[in-house]
Amino acid sequence: LIDLDGTLLLGRRPAPGAKDLLTRVRGHFVVVSNDSEHVPSQLARRLQGVGLAVGPDRIILAGVCAVEALARERPGARILLLASPMLQRYARRCGLQLQRTAPEVVMVARDRNFSYAGLAAAADAIRGGAQLMATNPDVSHPGGDGQQIPDTGALLAAILACSGSVPVRMFGKPDPQMLYEGLRRLEGDPRAAIMIGDNPATDGQAAQRAGIQFVRVDGAMQSQWVASLRVTENELSAL
Ligand SMILES: [Mg+2]
């Protein structure tokens, strides 16, 4: 189970060693990411464009998982979805009704078009009794060249500042659900799996909750990454 941002990708570029890693684990991996902007088909094309061979069936994303969970639990729910156009399209395809007035649920994802009007609508809806959900807790994630890319958690903080403190249903790591889904696709035993990621608070915690060994990598530090690959190789040979 491999994290994406900060692990396989640094910004838009593959991390050092990422291609080697995917070659070594060919056929025995899934990417498990808190990405809440894309859908798997589109992300697979982007990864293939930078030389990382990952099929859409091998990509599990927090945004898509959150939308699917809501559509399963509350079919046809009225939802104010602050998200990318892609995730909004996906939500409609799952049968959710996207609307700004009187939604039952406010769901926030990484929304690059997050606006003052959207913030006001979300806070109003929550004060009116709508349930607040967030696709992933990340406040930011590493981009290329030392940048930090603002993520869903930062937008959630703005909403909570405006709505007041309310319970938040949170998807994505450190919740272990996506890891269970990954194991299901791999037909894998948690004891024989490892989670490779850069963030102990999300990747590490999720792995611990799922009973999976965690290998931390830091894409910005070549030596640590290479050392981690050696662990990976040992783990693989033990399978
Ligand atoms: Mg990461």
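Ground rules before the tour. The model is predicted, so to speak of local features we need pLDDT of at least 70, side-chain atom pairs count only at pLDDT 80 or more, and totals for chains, interfaces and linings use all residues. Residues are numbered from 1 along each chain as its sequence is written, and side-chain values use heavy atoms, with hydrogens and water left out.

Five strands form an open sheet with parallel pairing, in the order 6-5-7-8-11. Strands here are DSSP runs of E with at least two residues, helices are runs of H or I with at least four, and both are numbered from the N terminus. Two strands pair if DSSP finds at least two bridges between them. At the edges sit strand 6 (97-98) and strand 11 (168-170), each pairing on one side only.

Now go through the pairings. Strand 5 and strand 6 run parallel and are joined by two bridges. There, R78 has Q97 in strand 6 as its bridge partner. Strand 5 also pairs with strand 7, again parallel, over four bridges. L81 stands opposite M107 of strand 7. M107 in turn stands opposite M133 in strand 8. Strand 7 (residues 105-108) and strand 8 (residues 131-134) pair in the parallel sense, over four bridges. In that pairing, V105 has Q131 as its bridge partner in strand 8.

How is strand 7 covered? On both faces: V105 and M107 on one side, V106 and V108 on the other, all buried. Buried means under 20% relative accessible area, exposed means over 50%, and partly exposed is in between, using a 1.4 Å probe and protein chains only. Strand 5 is mostly covered too, with four of its five residues buried.

Next, the helices. Helix 3 (residues 62-73) lies across strand 5 (78-82), strand 7, strand 8 and strand 11. Its direction is about 165° to strand 7. Helix 5 (residues 116-127) lies across strand 5, strand 7 and strand 8, at about 145° to strand 5. For these, contact means heavy atoms within 4.5 Å. Axes are lines fitted to C-alpha atoms, for helices over the stretch in contact, and angles run from 0 to 180 degrees between N-to-C directions.

Strand 5, helix 4 (residues 85-93) and strand 6 make a right-handed β-α-β unit. So do strand 7, helix 5 and strand 8. Right-handed means that, with the strands pointing away from the viewer, the path from the first strand over the helix to the second runs clockwise.

On to the metal. Which residues are the protein donors of the magnesium ion? They are D3 (OD), D5 (O) and D198 (OD), lying 2.1 Å from the ion. Donors are N, O and S atoms within 2.8 Å of the metal, or 3.2 Å for Na, K and Ca; water is not among the atoms, so sites may look incomplete. In sequence, the spacing is D-x1-D-x192-D. D3 and D198 link distant parts of the chain, 195 residues apart. D3 is in the segment before strand 1 (9-10), and D198 is in the loop between strand 12 (194-197) and helix 8 (200-210). Both D3 and D198 are buried.

Last topic, charges. How many salt bridges does the structure hold? It holds 13. The criterion is a side-chain nitrogen of Lys or Arg within 4 Å of a carboxyl oxygen of Asp or Glu.

Take E37 and R112, whose side chains meet at 2.5 Å, N to O. They are 75 residues apart: E37 is in the loop between strand 3 (31-33) and helix 2 (40-49), R112 in the loop between strand 7 and helix 5. E37 is buried at 7% relative accessible area, while R112 is exposed at 60%.

Now helix 7 (residues 177-186). R184 forms a salt bridge with E181 at 2.8 Å, three residues apart, about one turn of the helix. R184 is exposed at 56%. R185 also bridges to E181, at 2.9 Å, four residues apart, again about one turn. R185 is partly exposed at 37%. Elsewhere, salt bridges that share partners join D35, E37, R110, R112 and D151 into one network.
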